[in-house]
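Please look at the sequence and the fold together before reading on.

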Amino acid sequence: MPIDLADYNGKARDSIRAFWGNHDVGIRKHLEAGFDGDDWTGAKPGKNMDGFLALMIDIVRCNGLGKAEIHGKNGSLTLPGFFRPTKFWDLLVIHKGKLIAAIELKSQTGPSFGNNFNSRIEQAVGNAHDFWIAYREGAFGSGVRPFLGWLIIVEDARESHASVREKSPYFPISEEFRGVSYLQRYDLFCRKLVKEQLYTAAAVVSSPKDAINSGEYSNVSPMTSLNSFVATLAGHIAAEAARTG
């Protein structure tokens with residue numbers, strides 16, 4: 001039975017429209033509350049990513065696990081950790097008492113793309129390390145290796161495409177990081193997350209602010225594309241459905 005991508009492209013465009021619509025509402029509320037515009041990082045989770053959350057849930061339901069426990073916007077979204085008691089995730093899929101998938105959704109808009117970039121990298125790596133040790137220790141049941149996903153929406157803007165210079169006075173930085181943009185950095189990061197088996201799939205999706213009407217979005221590279229992410233998730237879900245019935 002072929003995997004079902006649940007018309008992900010059309011739903012992704014709807015999700016992008018909702019993302020920018022909720023983003024604008026959030027900024028207005030932020031300014032109305034008396035905060036300076038420069039204080040807004042644009043990296044707020046929550047309603048901004050609801051459309052992508054719904055897309056992931058559709059992928060799960062369309063590939064044979066419609067009766068699984070799917071925890072998204074509502075319900076408990078915490079899992080036990082190894083170095084800490086619990087960790088909050090954006091989507092959890094549990095089937096017959098075993099963890100099938102855990103996904104984290106992020107976003108980054110301008111104008112200052114350097115805000116929280118390093119901390120986001122550190123958090124994603126640390127979360128994965130904690131997750132896999134907890135899995136090894138039997139924290140999520142005795143099932144097969146779960147799907148772990150990380151996806152970020154990054155504003156497609158002049159600043160996100162601009163080359164970034166780094167200072168390293170004592171030792172040289174890796175050549176692959178020299179003069180690359182923040183979008184390229186996220187692409188490199190996502191590729192390394194998968195290559196190092198920290199995440200089953202990782203994606204960076206870029207979209208301009210005016211996509212609030214068009215739903216326009218693009219990928220940085222095939223390996224970190226939305227298509228690759230949803231296909232990997234769908235394959236994992238379908239395999240679990242076939243295995244457990």
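**From pocket to core**

Helix H5 gives the most residues to the lining of the largest pocket, contributing 5 of them. The structure shown is a predicted model, and in this model the largest pocket has a volume of about 290 Å³. Helix H5 spans residues 182-195, and together with H3 it makes up the elements that give two or more residues to this lining. Among the residues that line the pocket are Phe117, Asn118 and Ile121, as well as Tyr182, Arg185, Leu188, Phe189 and Lys192. Sorted by class, the lining of this pocket consists of 7 nonpolar, 2 polar and 3 charged residues.

A pocket is open, whereas a cavity is a space from which the probe cannot get out. The model has 1 cavity of 30 Å³ or more, and the space within the largest cavity comes to about 30 Å³. Its lining includes Leu79, Pro80, Arg84, Lys87, Trp89 and Phe131. Here the elements that give two or more residues are strand S2 (78-80) and helix H3 (117-136), and H3 gives the most, with 3 residues. By class, 5 nonpolar, 2 polar and 3 charged residues line the largest cavity.

Lys87 sits in strand S3, which covers residues 86-88. Is Lys87 buried or exposed? Lys87 counts as buried because its relative accessible area is 11%, and the cut-off for buried is under 20%. The side chain of Lys87 makes a polar contact of 3.0 Å with the side chain of Glu104. Setting aside neighbours within four places in sequence, Lys87 is in contact with Leu77, Thr78, Leu79, Glu104 and Asn127.

The largest nonpolar core holds 38 residues, of which Met56, Leu151, Leu226 and Phe229 touch the most other members. Several elements give two or more residues to this core, including helix H1 (8-32), helix H2 (50-62), strand S6 (147-155) and helix H7 (226-244). A second, separate core has 31 residues, including Ala128, Phe131, Ile152 and Leu183.

How values were computed
Residues are numbered from 1 along each chain as its sequence is written. This is a predicted model: local features need pLDDT of at least 70, side-chain atom pairs count only at pLDDT 80 or more; totals for chains, interfaces and linings use all residues. Side-chain values use heavy atoms; hydrogens and water are left out. A nonpolar core is a set of buried Ala, Val, Leu, Ile, Met, Phe, Trp, Tyr and Cys residues joined through side-chain atoms within 4.5 Å. Buried means under 20% relative accessible area, exposed over 50%, partly exposed in between (1.4 Å probe, protein chains only). Helices (H or I, at least four residues) and strands (E, at least two) are DSSP runs, numbered from the N terminus. On a 1 Å grid over the protein atoms alone, a cavity is a set of points where a 1.4 Å probe fits but cannot get out, and a pocket is an open set with protein on both sides within 12 Å along at least five of seven lines; lining residues have an atom within 4 Å of a point. Grid points are joined across faces, edges and corners, and a volume is the space filled by probe spheres set on the points. Ala, Val, Leu, Ile, Met, Phe, Trp, Tyr, Cys and Pro count as nonpolar, Asp, Glu, Lys and Arg as charged, and the others, Gly among them, as polar. A polar contact is a pair of N or O atoms within 3.5 Å; within protein, one must be able to donate a hydrogen and the other to accept it, and residues adjacent in sequence count only if both atoms are side-chain atoms. Contact means heavy atoms within 4.5 Å.
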